[in-house]
Amino acid sequence: MSAQTDTLPPALPAGPLKDDGSGPLRIVPARRTGQWTAAVAVLVLLALALNSVIRNDAFQWDVVGDYFMTTAVLRGLGLTLWLTALVMALGFALGTLLAVLRLSANRVLQAVGWGYVWLFRSTPILVQLLFWFNIGALYPEILGVRTVNLLGPVTVAVVGLTLHEAAYAAEVVRGGILSVERGQLEAAQSLGLGPWRRLRRIVLPQAMRSIVPPAGNMLIGTLKGTSIVSIIAVQDLLYSVQLVYHRTYQVIPLLLVATLWYVAVTSLLSVGQHYVERYYARGTGDAR
């Protein structure tokens with residue numbers, strides 16, 4: 001056995017050999033000089049910009065700190081969060097119904113769903129809000145109630161934003177439903193499940209994986225988009241800081257207060273969106 005072992009050829013070296021066959025080539029990592037130079041340049045520019053923001057007295061960071069947690073600002077922030085949550089809930093409820101109409105086999109229902117989405121996606125949200133705010137010019141009374149008393153600024157904001165968001169939510173939900181494999185629907189039909197039960201128990205749970213990412217983006221967009229209601233005197237976060245700087249003339253620091261609150265809330269929502277996406281992506285290999 002030992003003689004046989006002595007006659008075995010020597011093991012070949014791993015990797016490519018040199019031209020003279022004397023040994024393996026040494027692998028040297030690629031030098032990415034350009035990438036590192038660009039990275040250093042970007043870091044330097046970011047440092048200069050950050051230094052400028054921190055040390056520039058015109059930003060008045062002491063004023064920002066004074067007003068950041070004031071009652072007026074927190075009250076405006078609370079209304080912004082309430083408005084965002086309500087509009088998203090109502091918008092997706094109506095949007096789900098519209099998505100079902102668009103996917104219906106009935107041509108009339110399809111047309112109604114398509115027409116709604118077309119109309120509300122074709123007009124700017126500011127125009128829609130101003131239209132609802134001045135609805136009294138068309139209908140002074142509804143069911144014996146004056147529209148001036150029925151539709152106050154907050155109600156107009158809820159109605160206008162909800163109808164607008166529902167058009168986009170309908171397309172998000174419709175895309176999610178269409179992402180579910182046809183075989184899943186056929187299997188549900190073979191079990192004798194009715195249309196609404198198939199939608200609630202089979203289709204929507206699977207469609208959520210495709211619905212959640214754009215819905216999260218819509219949520220963040222709605223949060224920032226609520227600032228437009230300040231045009232109709234709804235005291236959201238932006239309007240609250242505007243009331244302050246109209247009195248104190250400290251425009252920049254008060255706008256920074258609103259900006260920092262928007263950044264903080266959207267950052268928290270982004271983290272929450274990440275974990276919701278992971279939850280619905282579990283078992284697919286895409287959870288990360």
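These legends go with a handful of close-up views of a predicted model.

**View 1. The whole chain, before zooming in.** The protein is built from 12 helices and 2 strands. Reading from the N terminus, the order of elements is α-α-α-α-α-α-β-β-α-α-α-α-α-α. Of its 288 residues, 30% count as buried.

**View 2. The largest pocket, with about 500 Å³ of space.** There are 17 residues lining this pocket, and those closest to its centre are V100, L103, P195, R198 and L199. Four helices each bring at least two residues to the lining: α4 (71-102), α8 (153-178), α9 (182-190) and α10 (195-225). Which of the elements gives the largest share of this lining? That would be α10, with 5 residues.

View 3. The elements giving two or more residues to it are α4, α10 and α12 (251-280). Helix α10 gives the most to this lining too, with 7 residues. Sorted by class, the lining of the second largest pocket holds 12 nonpolar and 4 polar residues, and no charged ones.

**View 4. Where α4 meets α8.** The axes of these two helices lie 6 Å apart, and the pair packs at an angle of about 45 degrees. That angle is why α4 counts as oblique to α8. Their crossing is right-handed. What sort of residues make up the contact of α4 with α8? By class, it has 19 nonpolar, 4 polar and 4 charged residues.

**View 5. Helix α5 crossing α8.** Staying with α8, this view brings in α5, which covers residues 107-122. The two axes come within 9 Å and cross at roughly 125 degrees.

View 6. Y279 belongs to helix α12. Along the chain, Y279 and R209 are 70 residues apart, yet their C-alpha atoms are separated by 8.8 Å. Is Y279 buried or partly exposed? With a relative accessibility of 46%, Y279 counts as partly exposed, because the exposed class starts over 50%.

**View 7. A233, a positive phi in a loop.** Most residues other than glycine have a negative phi. A233 is not a glycine, but its phi is positive, at about 65 degrees. Where does A233 sit? Look in the loop between α10 and α11 (237-248). Its relative accessibility of 42% makes A233 partly exposed.

**View 8. Y249, another loop residue with a positive phi.** The phi of Y249 is about 65 degrees, again positive without the residue being a glycine. You'll find Y249 in the loop between α11 and α12. How does Y249 count, as buried or exposed? At 69% relative accessibility, Y249 counts as exposed, since that value is over the 50% cut-off.

Definitions and conventions:
Residues numbered from 1 in each chain as written. Predicted model: local features only at pLDDT ≥ 70, side-chain atom pairs only at ≥ 80, totals over all residues. Heavy atoms only, no water. 1 Å grid on protein atoms, 1.4 Å probe; cavity = no way out; pocket = protein on both sides within 12 Å on 5 of 7 lines; lining within 4 Å. Points joined across faces, edges and corners; volume = space filled by probe spheres on them. Nonpolar A, V, L, I, M, F, W, Y, C, P; charged D, E, K, R; others polar. Axes fitted to C-alpha atoms, helices over the stretch in contact; angles between N-to-C directions. Parallel < 35°, antiparallel > 145°, perpendicular 65-115°, else oblique. Left-handed = near helix turned anticlockwise from the far one by under 90°. Buried < 20%, exposed > 50% of the residue type's maximum accessible area, 1.4 Å probe, protein only.
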